[in-house]
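The sequence and the model are shown first, and the description follows.

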Amino acid sequence: MPRLTRLRAGLIVGLALAAAVTATLFFGQTRQLSLVLVDRDGRKTQIGFLPAHTFAPRISPDGKRVAYDAEDGGVWIAEISNLSTPRRIGRVGADHYPMWSASGDQIVITSDEPSQQALYIERADGTGTAERLAKGRAPESWSAPNQMLSFIALSNYYSIWTYSLRDKKAVALIDTPGVTQHSSRFSRDGKWIAYTSVETGRFEVFVQPFPRTGAKFQVTKQGGGHALWSVDGKELFFDNNQQLFAVSVQTAGTFSSGAPVALPIRGFIQGDARRQYDIMPDGKQFLMMFP
C-alpha cells in the first residue's frame, strides 16, 4: 500500500476511534467517571474512579470521605484514599442525595416513602436507626451556627425550606409560586444564604440575608447556578455551561458583589438541577467529576 494511502487509512481509523470515544463519553455508555481535585488555576489531581451514574458527590468535613448517590438508588461512602471499597448506608433503591452534618458523624438523605419523599438523618458509620425529619425532596446545606439545614421541596416547582434541628420544625424560606428555586447554601457564619432562581427567565444566583429581611441581591446577570461560598466568605463560586466562575462578595453590614471572573475550570459533569461538585474543607480545591 502506498505511504500516502496508509496515512489516510490511519487518519480515518484514528478519527473513527475518536468519534467512538466521544460518543461513549457523551451518550452515557462510559462505565466510570473520574473523581478529580481541581485547584482554582485548573490544575488537576486524579483521585480515582466512580460508577458512571454517580450523582452529586459530597466531601466530608474532614476531607477524608466522599458520599454519593449511585445508579442503584443507594447512598455510598468511600474513603478518598481508596474509592474502590465503598460501603452502603440506608436502603437499597430507596435512598438518595446525601449531605454531611457539620461534624461529619451524620448524613442527611432523602428516602422514598409510599406516596412522597422525606428527609432522614442517620449515623455515617451505619449504626443506629435513621430519624425522620420532614417531608422534602433533597437536603442542600447545613448551618452549624443556626442549628438548621436547608432543603428543597417539590410541588409543581422547587422551593427552598429550612428545618430547625433545635425546634424540629420545617418552614418555607424562599417560595415564589411557579418559580423554581434550588441549590441553597448557607454562608459559614450562617448570616447569608445563596441560591439559584429562575425568576428572571433563566437560572441566576441570588443572595439573601438570614433571617430574611426582604432584601435580595442578584449576583449573576448572564446565567449561573449552584453557588458555593469560599471558606473565608469573601467569594462565591458558581457554574454556567460547565464553566466555573468566582465572584468577590462583601458581607460586612450590607451585601455587595463584584463582576464574575471565569476560572480555567471547565468540562466537568454538571446539569441544571443538583450541584455535582463540592469544595474541599480547606477551600483550596474543588471536588469534581469528569468523563
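In this predicted model, Trp192, Phe217 and Phe255 form one aromatic cluster. A search of the whole structure finds 10 aromatic pairs. Phenylalanine 238 and phenylalanine 245 have ring centres 5.2 Å apart and planes at 5°, so this pair is stacked. Planes under 30 degrees apart are the condition for that label. Both partners are covered: phenylalanine 238 is buried at a relative accessible area of 2%, and phenylalanine 245 is buried at 18%.

Aromatic rings also meet charged side chains. Lysine 44 lies over the face of phenylalanine 290, 4.0 Å from the ring centre. Lysine 216 takes a place over the face of phenylalanine 206, at 5.7 Å from the ring centre.

In general, strands of a sheet pair through backbone hydrogen bonds, in a parallel or an antiparallel sense. Between β15 and strand β16 (residues 192–197) there are 4 bridges, and the two run antiparallel. Across this pairing, phenylalanine 186 stands opposite isoleucine 193 in β16.

The loop between β17 (204–209) and β18 contains proline 211. The peptide bond that joins phenylalanine 210 to proline 211 is cis, with omega at about 0°.

**Strand β12 and its two partners**

Strand β12 (residues 148–154) is mostly covered, as 6 of its 7 residues are buried. The strand pairs with β11 in the antiparallel sense over 5 bridges. In this pairing tryptophan 142 stands opposite leucine 149 in β12. The hairpin of β11 and β12 has 4 residues between the strands, and glutamine 147 in this hairpin takes a positive phi near 50°.

β12 is also joined to strand β13 (residues 158–164), by 7 bridges and in an antiparallel arrangement. Here leucine 154 faces tyrosine 158 in β13 as its opposite residue. The hairpin that joins β12 to β13 passes through 3 residues.

**Positive phi within strands**

Most residues other than glycine have a negative phi, and most peptide bonds are trans.

| Residue | Strand | Phi | Relative accessible area |
|---|---|---|---|
| Alanine 56 | β3 | about 55° | 1% |

Leucine 244 belongs to strand β21 (residues 243–250). With 0% relative accessibility, leucine 244 counts as buried. Although 202 residues separate leucine 244 from glycine 42 in sequence, their C-alpha atoms are 10.0 Å apart in space.

**The largest pocket**

What is the volume of the largest pocket, and how many residues line it? The volume is about 640 Å³. The lining consists of 26 residues, of which Pro61, Ala102, Trp142, Arg185 and Arg188 lie nearest the centre of the pocket. By class, the lining has 14 nonpolar, 6 polar and 6 charged residues.

Several strands contribute to the lining. β3 (55–59), β7 (95–100), β11 (138–143), β15 (181–186) and β24 (278–279) each supply at least two residues. Which strand gives the most to the lining? The answer is β11, with 4 residues.

β11, which gives the most to the lining, is an antiparallel partner of β12. Tryptophan 142, the residue opposite leucine 149 in β12, is among the residues nearest the pocket centre.

Key: Residues are numbered from 1 along each chain as its sequence is written. This is a predicted model: local features need pLDDT of at least 70, side-chain atom pairs count only at pLDDT 80 or more; totals for chains, interfaces and linings use all residues. Side-chain values use heavy atoms; hydrogens and water are left out. On a 1 Å grid over the protein atoms alone, a cavity is a set of points where a 1.4 Å probe fits but cannot get out, and a pocket is an open set with protein on both sides within 12 Å along at least five of seven lines; lining residues have an atom within 4 Å of a point. Grid points are joined across faces, edges and corners, and a volume is the space filled by probe spheres set on the points. Ala, Val, Leu, Ile, Met, Phe, Trp, Tyr, Cys and Pro count as nonpolar, Asp, Glu, Lys and Arg as charged, and the others, Gly among them, as polar. Buried means under 20% relative accessible area, exposed over 50%, partly exposed in between (1.4 Å probe, protein chains only). Two strands pair if DSSP finds at least two bridges between them. Rings of Phe, Tyr and Trp (its six-membered ring) pair if their centres lie within 6.5 Å; planes under 30 degrees apart count as stacked, over 60 as edge-to-face and the rest as tilted. A charge sits over a ring if NZ of Lys or CZ of Arg is within 6 Å of the ring centre and within 35 degrees of the ring normal.
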